[in-house]
Each structure stands twice: as structure tokens, then as C-alpha cells.
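This report describes a structure chain by chain and then as an assembly. Please keep the sequence and the coordinates in view while reading.

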Protein chains: 2
Amino acid sequence: MSSLSNIEPLTTRYDPATGILSGGRLIERRLADLRGCFHDLAAFERTLEQGNPLVYSVTAVEPADGEGDLHYGLGVIQPGAVGIEYFLTKGHLHTWRDAAEVYIGITGEGVMLLEDEATGEARMLGLRPHDVVYVPGHTAHRTVNTGQEPLVYLGVCPARAGHDYGTMQRRNFSHVVIKSDVGPQLVRRP
Amino acid sequence: MSSLSNIEPLTTRYDPATGILSGGRLIERRLADLRGCFHDLAAFERTLEQGNPLVYSVTAVEPADGEGDLHYGLGVIQPGAVGIEYFLTKGHLHTWRDAAEVYIGITGEGVMLLEDEATGEARMLGLRPHDVVYVPGHTAHRTVNTGQEPLVYLGVCPARAGHDYGTMQRRNFSHVVIKSDVGPQLVRRP
């Protein structure tokens, strides 16, 4: 059983300027890892020809894995775009579908794309500093950097949640977030 | 079942300067509500004679109550002291003992006092801006404002966690956080 004497780390500390968290496991995703996420395939190949930039990193902290435990992570999405589509995370459902997640915006300008697995309903919600976004269970979620600076945010979810990337990779999000004259817009995938 | 279409609120926004959260239920605790928490009873009565100040508030957001859901809250502890003991929260265990909680420091200077229910082990952990503190299950926790400004922080826990205040009210925390020349110190309750 997890208790005060065997949890590690009890404390971490993040630097909002660099997006570095003092503990946890660093996961990095480069553009080539995101094949299939962007709708404009030609723009994707064109962008990839110019290099394979870091798109985002997540530092995952998993102090314990019991039923009542929590995991958290610091996400950092770099600014950038593929065609008119902003840099984004792969997006996932939780393996344990009932598991929710709380996201907290720290620095930068972004949005979250939420899609109800059952109904297909899609929502775009702001993720700016001091925003707290609730991702309900059974909801695919993807984070998008719509600004000029790195987007830094924290996510907290039940330790049991798990990550199911496969389902959304096969099905894809029904909507994309694109640049427009009036700012980020949610449109049906072309 | 909770889903994208029936969760309210999906988004809240906090103001770090005022400690106001845009949604949720506000709970306020004044000094008279904290009888028994401070070790110096004479100082407590003396302070109370001068008024019954607000000590802290929590704005609790409970979007859904399913097994995988989460609750979160914004806490704001005012600066102040009773004798040499800083203003603090009542402190609690989770009714569902296995439930952990993640605390995130936003503004101000504070500490968390953690106490393992089974072993009595006590720990004092810093809660400054950008600190993330993991409160394991089976651990009583109290937050303490050791600074000159309001201490503002977020807490996220499983929706099922629940609050058990009674156990720590009867037993009391074995340690207190006091002012000293070298800063906040954790000492055994006199």
C-alpha cells in the first residue's frame, strides 16, 4: 500500500519558463511520430522534409498505482504548424474509459479539443494560463498550441486511467483546429 | 454516466491575485471555526477577542461524481498567526482512505503538513508557486500559510475521496508549524 514513507517523489517543482519538471519520466514526440494526426498530408511531408522538429514533451510523474492514486504530467507543446493546422498532441482516450482528467494552463496560448467517443460531439475549450479544463470520462482529448510561445500545462488523472492512443489513431478526431483570420477555429476534418 | 454533454462546468478560470475561481461552491472558515486546531489556547482566545477574521476559503468544483471522476478546489489561506502558529486549514483525511490528492502552489509562501494515519510519521513540505505536492492515501493533510500574502493553491482528488474532518479533530495533528528565527519549523505539539 502506498503511504507517506514509500512514495517517491512527494514533491516536484516545475519551471514555467523552460517547461522542465524536477521529477518524472520525459516523453518526447517529434513530427515523424505524429503521422496521420494532421489532415494535410502534403503539408506534413513538406514540413518533415525540412527536418523532424520536437513537437511536444510530457514529463509524467507516477508516484503510486493504487486505486485511489493519481498520476500527473507537465506538457509542453512547441509553437508551430503543419499547413494551417497548429502543432498538437497525439490525443488519447483513457484505457479505463470512466477516468476523467483535469488540465491546468500555465503559460502560452492553447486550446483543448474534446470529442465524446459515443456521440462524436466535439468541443474546443481555451487552455490559457489559469484556465482549468475538465475532461470527462469517455472523451478523447488533444491539446493544441495556438500561440507563438511554448504552451505549458499540467494534467492530473487517476493512476488507473491508462492511455489508449490506438482508438483515436484508427478513428481520428472528427474535427481539426486551424488558423484563421479570426483566430483558432474548430472545423470538421476536410 | 458523465459525458461531454452533461458536465458542468467544463472550464473554470482562477485569478491568482484575488483567489477567485469562476465556478464552484465557496466555503469560508473563520477563526472561530478552527477551535482546537491551534496549540496555544490562550493565544487563540486572545486573538478571537479582537474579532473573528476569515482564515481561509476553498472554492470546490465537483463536475461529476462517478468512480473515475475528479474534484478540484482553489484554496486561499490568509496571512496571520495565533501566537507563534501560522494560519492553517482544519486538515483532513479522505473518507475513502486510499484516495490521494495533488496540490499545486500558485501564489504566496506555504507548507503542507502531512501525517501518516497508521504510523504517525509527520512531514512538512514546501508549497510555493510551481511546487506540486503528492498527498498519498491514508495521510492527513493540512495547509499552512507561512508568508505575508495570501497563499493560493489548487488541489485535485478523486471524486470519491470525501472529507473526514472528525478523525483529526479528535486526534489532532501530532506536530505544529511555528514561526522561528530560521523560518517555519515543524515541532511536536507542545
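## Conventions

The model is predicted, so that local features need pLDDT of at least 70 and side-chain atom pairs count only at pLDDT 80 or more, while totals for chains, interfaces and linings use all residues. Residues are numbered from 1 along each chain as its sequence is written, and chains are lettered from A and ligands numbered from 1 in the order in which they are written.

## The single chain

Chain A holds two helices and 17 strands, where helices (H or I, at least four residues) and strands (E, at least two) are DSSP runs numbered from the N terminus. The C-alpha trace of chain A spans about 55 × 35 × 30 Å along its principal axes. Its radius of gyration of 16 Å agrees with the value near 16 Å for a compact globule of 190 residues; this radius is taken over C-alpha atoms, and the globule rule is 2.2 Å times the number of residues to the power 0.38.

Of the 190 residues in chain A, 45% are buried; a residue is buried if 20 or more other C-beta atoms lie within 10 Å of its own, exposed if 12 or fewer, and partly exposed in between, with C-beta atoms placed from the backbone. Among the contacts in chain A with a separation of 6 or more, 72% join residues 24 or more positions apart, a contact being a pair of residues whose C-beta atoms, placed from the backbone, lie within 7 Å.

## How the two copies meet

In the interface, 45 residues of chain B are in contact with 46 residues of chain A. Several strands of chain B each supply at least two residues of the side that touches chain A, among them E1 (11–15), E9 (101–107) and E14 (151–158), and the largest share, five residues, comes from E1(B). This side of chain B divides into 24 nonpolar, 12 polar and nine charged residues, with Ala, Val, Leu, Ile, Met, Phe, Trp, Tyr, Cys and Pro counted as nonpolar, Asp, Glu, Lys and Arg as charged, and the others, Gly among them, as polar.

## Sheets and core

An open sheet of eight strands with antiparallel pairing has the order E3(A)-E4(A)-E5(A)-E14(A)-E9(A)-E12(A)-E1(B)-E2(B), two strands being paired if DSSP finds at least two bridges between them. Its edge strands, each pairing on one side only, are E3 (25–30) of chain A and E2 (20–21) of chain B. E1(B) and E2(B) pair over two antiparallel bridges, with B:Leu21 as the bridge partner of B:Tyr14. Strand E1 of chain A in turn pairs with E12(B) in the antiparallel sense over three bridges, and there A:Thr12 has B:Val132 as its bridge partner.

Within chain B, E10(B) pairs in the antiparallel sense with E11(B) over six bridges, and seven bridges join E10(B) to the antiparallel strand E13 (residues 139–145). E10(B) is mostly covered, six of its seven residues being buried. The hairpin of E10(B) and E11(B) has five residues between the strands, and B:Gly120 in its turn has a positive phi of about 80°.

The largest nonpolar core has 102 residues, and those touching the most other members are A:Val102, A:Ile104, A:Val156, B:Val102, B:Ile104 and B:Val156; such a core is a set of buried Ala, Val, Leu, Ile, Met, Phe, Trp, Tyr and Cys residues joined through C-beta atoms within 7 Å. Leaving out residues up to four places away in sequence, B:Ile104 touches A:Ile104, A:Leu154, B:Val132, B:Tyr153 and B:Leu154.

Most residues other than glycine have a negative phi, and most peptide bonds are trans. A cis peptide bond, with omega about 0°, joins A:Glu8 and A:Pro9, and the bond from B:Glu8 to B:Pro9 is also cis, with omega near -5°.

B:His138, in the loop between E12 and E13 of chain B, has a positive phi near 60° and is buried, with 22 other C-beta atoms within 10 Å. B:Asn172 has a positive phi of about 65° and is partly exposed, with 16 other C-beta atoms within 10 Å.

Definitions and conventions
Contact = placed C-beta atoms within 7 Å.
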